[in-house]
Amino acid sequence: MHPAPSVILFTTLSGLGFGLLTFLGLGYPGVTGWVAFVFYAIAYALAVGGLLASTFHLGRPERALKAFSQWKTSWLSREGLCAVAALMVMGLFALGAIFLQQDWRLLGILGAALSLATVFTTSMIYTQLKTIPRWNMALTPVMFLSVSLAGGALLAGKESWAIWLLLLAGAVQLAYWGKGDGAFAASGTTMKTATGLGGNLGAKQSGATVRAFEPPHTGSNYLLREFVYVVGRKHAFKLRAIALTLGFALPILFLALPMENLLIKHLMAGFAVLSHMIGVAVSRWLFFAQAEHVVGLYYGKR
Amino acid sequence: MTELPTNTAKKMGLVIDLDTCVGCHACVISCKGWNTENYGAPLSDQDAYGADPSGTFLNRVHSFEVQPAATPSQPDPAAQLIHFPKSCLHCEDAPCVTVCPTGASYKRIEDGIVLVNEDNCIGCGLCAWSCPYGARELDLAEGVMKKCTLCVDRIYNDNLPEVDRVPSCVRSCPAGARHFGDLGDPNSEVSKLVADRGGMDLMPEMGTKPVNKYLPPRPKDQLEEQIDVLAPLLAPVTETPGGFLGWLDKALDRLPGQTSDQSSGGQA
Ligand code: SF4
Ligand code: SF4
Ligand code: SF4
């Protein structure tokens, strides 16, 4: 799949933002006043910024409101609704915390649940697609949720939790890659099932081989640009190492190092967040770039 | 609405004969021609006369090579070239419809045709992601999703002569490789064709239940001990001309200027 920067930015930033909102809603940290304002400003900048970035890849962004209508069947629609609901509930909760020094517990828990639901619905947009075996796995939502929670804990300053959640997210990430590498083969879709050729030329010839001889056109097209992205896949192993190191290993190290000085401690936490964000962005780039759409089979490509 | 109908009264669709398709791309061109002027936004091209042309098509023809396995009776079977037209299969369980967030994509209850209401489409592309067959293309000029309409503006069009009330691609195919009809009616011509020829689904494992069917190509490498009755008549009588022709040949060679050897060389 073509790794569109807008979509990578969206899933990285909004995942982090809604992760932070989840923790804020649960009362970690239970901040009020100015401190709360800063926390919520960061969370909203990430979540809303991510959502806005996602509209950049629309052909007709001016009609985006229509996307809220089909929640009965469409995960994209559900995601939109969850996101708006989460932002509204958490907005109300934030107002209470910032201006009224209030901690409306129920509202916070509801907001946290909606924030997590947003991350889940985002992941389901990808998970539901049978056409992309690498995404069509139960591990996909697990990965999105665990990364979002780890990032949220990191930003919320819940360091003891962040270490464990980062460990968990890193492990899930590894498992996702491991399982994903075999997903296309496991899906059973091949050029033979795509074309019905080879196996169907009469029972005698079931051992036939099929090969793409000529594409329908000499130039490129929407399908090839969008679904058959092979550039840079050969660096996948290195990029995975980078994603794992920056996204999970380094932040854990930054958090785990015993620091006496408070300033250095904060600085380290800042580094951890930055490193985590870059690592997750790299992992999301791989999430798209390595995802092979079955339509590539018609072009003899994957 | 993006909820799929549980059942459609008819299942209008195409039956594509991989045995007779000659790969002429007439259906590609006539489809583009009809659909760029009729239903919905035109099918745009980008850089049409430049170095990197591309454009929106609702129907494209691929070509595959099938190499049959060797058998005792056919130790050295010839490869077959199969031309493979592909347009929307108007799936019964169409994932492209249910993923659509706006309700722009829908499947008609009356005939099962899958369409896009372009006024509602936000061009998110998710429906194209969900289609296993590459049947949907986002038009770069309009920013909306385009797909085969089964020529819904022809097949019920009373302004056209009856013979033209079939999809443009079906009407234009010179090989009779595209058939149109109701695949929900077991007694229709197309259903009988599918039953006779062992019509198949593409990627059945995707669970999309395509309405369009493909008729498998027949094995072609079956003519054993071929007797060519014309061969003796076509064999060259002599390689080097003799008699009058031989004299003429030599005489011409002796003339100054280009000789027959040079003319076949690189001197042009
Ligand atoms: S072929 Fe593709 S676009 Fe057409 S109905 Fe099936 S899934 Fe949808
Ligand atoms: S591109 Fe248009 S038709 Fe396709 S899913 Fe998005 S809104 Fe629906
Ligand atoms: S039915 Fe019409 S729109 Fe569909 S491929 Fe044929 S000509 Fe194109």
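Colleague: Let's start with the ligands in this predicted model. Which residues come nearest to ligand 1?

Modeller: For a shell like this, look at who sits around the molecule and then at the classes. Ligand 1 has 13 residues around it, and the nearest are Cys88(B), Leu89(B), Cys91(B), Cys96(B) and Cys131(B). By class, that shell splits into ten nonpolar, one polar and two charged residues. Keep in mind that Cys counts as nonpolar here.

Colleague: And what residues are around ligand 3?

Modeller: Go through the names and then the elements. The shell of ligand 3 includes Cys31(B), Cys148(B), Cys151(B) and Cys169(B), along with Asn35(B), Asn59(B) and Arg178(B). Two helices of chain B, α1 and α5 (168-172), each give two or more residues to that shell. The class count for ligand 3 is six nonpolar, five polar and one charged.

Colleague: On to pockets. How do I read the largest pocket, and what is its volume?

Modeller: Take volume, lining and classes in turn. The largest pocket holds about 540 Å³. Its lining has 24 residues, with Leu51(A), Ser54(A), Thr55(A), Leu76(A) and Glu79(A) nearest the centre. Two or more lining residues come from each of α1 (5-26), α2 (33-55), α3 (75-99) and α4 (105-127) of chain A, and also from α3 (126-130) of chain B. The lining counts 19 nonpolar, four polar and one charged residues.

Colleague: Last topic, domains. How is chain A divided?

Modeller: Chain A has domain 1 (1-128) and domain 2 (158-302). Their C-alpha centres are 24 Å apart. Domain 1 of chain A puts 13 residues into the contact, and domain 2 of chain A puts in 18.

Colleague: How much area do the two domains of chain A bury between them?

Modeller: Here you'd read the total, the atom types and the main contributors. The two domains bury about 1,500 Å² between them, with 79% of it on carbon and sulfur atoms. On the domain 1 side, Met1(A), His2(A) and Pro3(A) lose the most area to domain 2 of chain A, and together they make up 42% of what that side buries.

Key. Residues are numbered from 1 along each chain as its sequence is written. Chains are lettered from A and ligands numbered from 1 in the order in which they are written. This is a predicted model: local features need pLDDT of at least 70, side-chain atom pairs count only at pLDDT 80 or more; totals for chains, interfaces and linings use all residues. Side-chain values use heavy atoms; hydrogens and water are left out. On a 1 Å grid over the protein atoms alone, a cavity is a set of points where a 1.4 Å probe fits but cannot get out, and a pocket is an open set with protein on both sides within 12 Å along at least five of seven lines; lining residues have an atom within 4 Å of a point. Grid points are joined across faces, edges and corners, and a volume is the space filled by probe spheres set on the points. Helices (H or I, at least four residues) and strands (E, at least two) are DSSP runs, numbered from the N terminus. A residue is near a molecule or strand if one of its heavy atoms lies within 4 Å of it. Domain bounds come from an automatic or database domain assignment. Contact means heavy atoms within 4.5 Å. Buried area is the accessible area (1.4 Å probe) that two parts lose on being put together, summed over both.
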